[in-house]
Amino acid sequence: RAGRLPQVLQRYRQRFDEDARDLVKTVVSECAGGTDDDVCGEVAAARLAALDASAFQSCLDLCLEHLLASVCGAVALHNALSALLTSRVDPTVLIKNEPQALSEIEDDDLVRNSRDGVGELCEGVLKRVGRLVQLRKEQNARLKQSELRRVWASSLAFASSIERATGEPAFALRSALVAQARAFLEKRHSDAKAALVACLDAERWAQADVTPERQSRLDRLSQGLTNDEDDTVSDVTPPARDKRSLRAANVEGRTYKCVWSGLVLLDRILDALGAAAAFPVIASEATACVVDLARFFESRTRQLVLFAGALHSSARLRTITAKHLGLASQSLNLIEALLPHVRAALSDALQNNDSELLKEVDAVSRDYADHHRKILAKFSTIIGEVVDAAGASLSQFSYAACSGEAPFAPFVSDVAKNLTALHGVLAKQLPPSQLEEVCGDIFSLLSVRLPLLFRPAIPSSSEAKERLVEDLNFLRRAAKELDSAAAEKLRLDAFVAEVREGNKPS
């Protein structure tokens, strides 16, 4: 009788494989509709694709439950056969339909053959489940993260049970799940990029409202609490609110105003971090997505604001104002403040702590800092251009022919008005430290430009010279009246002495 066992085992394996195939067909037909005969190939894929997430999850769980029971039966049968042939224990003790590991390989050829056969059966079952999951690849890529996690969790639990039984890695199923997670991330990243492109193209560079839900997500990030579940956020521009009721973002005690596209970027970065936390095996791909989105926002913002591309975008701005520059600056500043927390979250998710990928995040952070500095420097450039343009009128102005009180020259009045107007705009957009930095740079610039412009207009009479000095003092008083403006950096004492002494440089 023992001589017929190899043939019996072979027939058992064939019957097991057929039963597993029929089991999957039956479950799919019951969950997706139709008959067993037409649930195959393209028909099966179409029927599975039509299922919603909950229905597919039920279908998958039912398949896994019955397939695991079949695998447990096959393992139990092998262990009982091994015990019977090697006379180690009573084989009836091992005939139980519950998870157990395959017995160790014996010298007996028949036992070895049986064990190899069960291993092949388990490999076939894993491939079958992997194909079932792959048939829904496109639909699974559109699932919510929590829904895909349920597919992932139940499939991984099944794979782990098979691995404990056979002692071999469930490569077929695990690779199928990794492919699903990557497809999910690619779809999410593609949608994120498209949404960001659309938002930036339509961006009017006005302050957006930071809702409590968004602030909560930012708080969790800055506290090192990455969320691996779904958060309901929308890329649709929210209804307009009263400007006085618009809320700013808060990060570690500092407030930042932000434009709508900046909030969309942060939402999408947080989504990528959530995917990395939920599926650590794709953390490196999630890192690349974060870097790509952040770089795109920075470079596109540079084109639209610094290089005035927003004049030709779908927003069709008439001009780039100081307010636009200030809000762009604050948006970049907010993202720059959060990037170290983003880096920490990615570092936790990366299993091998890939330093090269993290260096890319560091490089992006440096790009944001550089862009922010250039926007702040732009304010000095704006004032410099205004002063140079208005300074031409000084050559036609005579301090000897005027009377009254300062300001005497229209140029001086124009400079004071432009300084006050720019300060008023920036005071609403920039924090005091940055406002002081910008104003300090502007006054340092004026300390050089004003003497160059006034020298050709220095009069010869002492009375006229005093009028020019009064104009200079008027500008200094106007600077001191501006809050957080670093007025001490407007250094005109040396030029005032030069005017009074009448020593023009040759």
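This is a predicted model: local features need pLDDT of at least 70, side-chain atom pairs count only at pLDDT 80 or more; totals for chains, interfaces and linings use all residues.
I looked up where Trp205 sits: it is in the loop between helix 7 (171-202) and helix 8 (212-222). Its phi is near 55°, a positive value in a residue other than glycine. I flagged that since most residues other than glycine have a negative phi.

Next I checked Arg316, whose phi is also near 55°. Arg316 lies in the loop between helix 10 (283-306) and helix 11. Buried or exposed, I wondered about Arg316? It is exposed, at a relative accessible area of 56%.

Then I went through the peptide bonds. The one from Ala406 to Pro407 is cis, and its omega is near 5°. I noted it because most peptide bonds are trans. Pro407 belongs to the loop that links helix 12 (355-391) and helix 13 (410-429).

**Helix 3 against helix 6.** On the helix 3 side the contact includes Phe56, Leu60, Asp61 and Leu64; on the helix 6 side I found Arg150, Ser154 and Phe158 among them. Sorting the contact residues by class gave me 12 nonpolar, four polar and three charged.

**Helix 9 against helix 11.** Here helix 9 (residues 260-278) and helix 11 (residues 322-349) pack at about 10°, with axes 10 Å apart. Helix 9 is therefore roughly parallel to helix 11. Leu265, Leu266, Ile269, Leu273 and Ala276 of helix 9 meet residues of helix 11 including Leu334, Leu338 and Val342. What classes turn up in this contact? I got 12 nonpolar residues, no polar and no charged ones.

**Whole chain.** I counted 16 helices and two strands. The radius of gyration is 36 Å, while a compact globule of 506 residues would have one near 23 Å. Along the principal axes, the C-alpha atoms fill a box of roughly 130 × 45 × 35 Å. Buried residues make up 48% of the chain. Of the contacts with a separation of 6 or more, 78% join residues 24 or more positions apart. Last, I noted an accessible surface of about 24,500 Å², 51% of it belonging to carbon and sulfur atoms.

Definitions and conventions
Residues are numbered from 1 along each chain as its sequence is written. Side-chain values use heavy atoms; hydrogens and water are left out. Contact means heavy atoms within 4.5 Å. Helices (H or I, at least four residues) and strands (E, at least two) are DSSP runs, numbered from the N terminus. Ala, Val, Leu, Ile, Met, Phe, Trp, Tyr, Cys and Pro count as nonpolar, Asp, Glu, Lys and Arg as charged, and the others, Gly among them, as polar. Axes are lines fitted to C-alpha atoms, for helices over the stretch in contact, and angles run from 0 to 180 degrees between N-to-C directions. Angles under 35 degrees count as roughly parallel, over 145 as roughly antiparallel, 65 to 115 as roughly perpendicular and the rest as oblique. The radius of gyration is taken over C-alpha atoms; the globule rule is 2.2 Å times the number of residues to the power 0.38. Buried means under 20% relative accessible area, exposed over 50%, partly exposed in between (1.4 Å probe, protein chains only). Accessible areas come from the Shrake-Rupley method with a 1.4 Å probe; for residues, only the protein chains shown count as cover.
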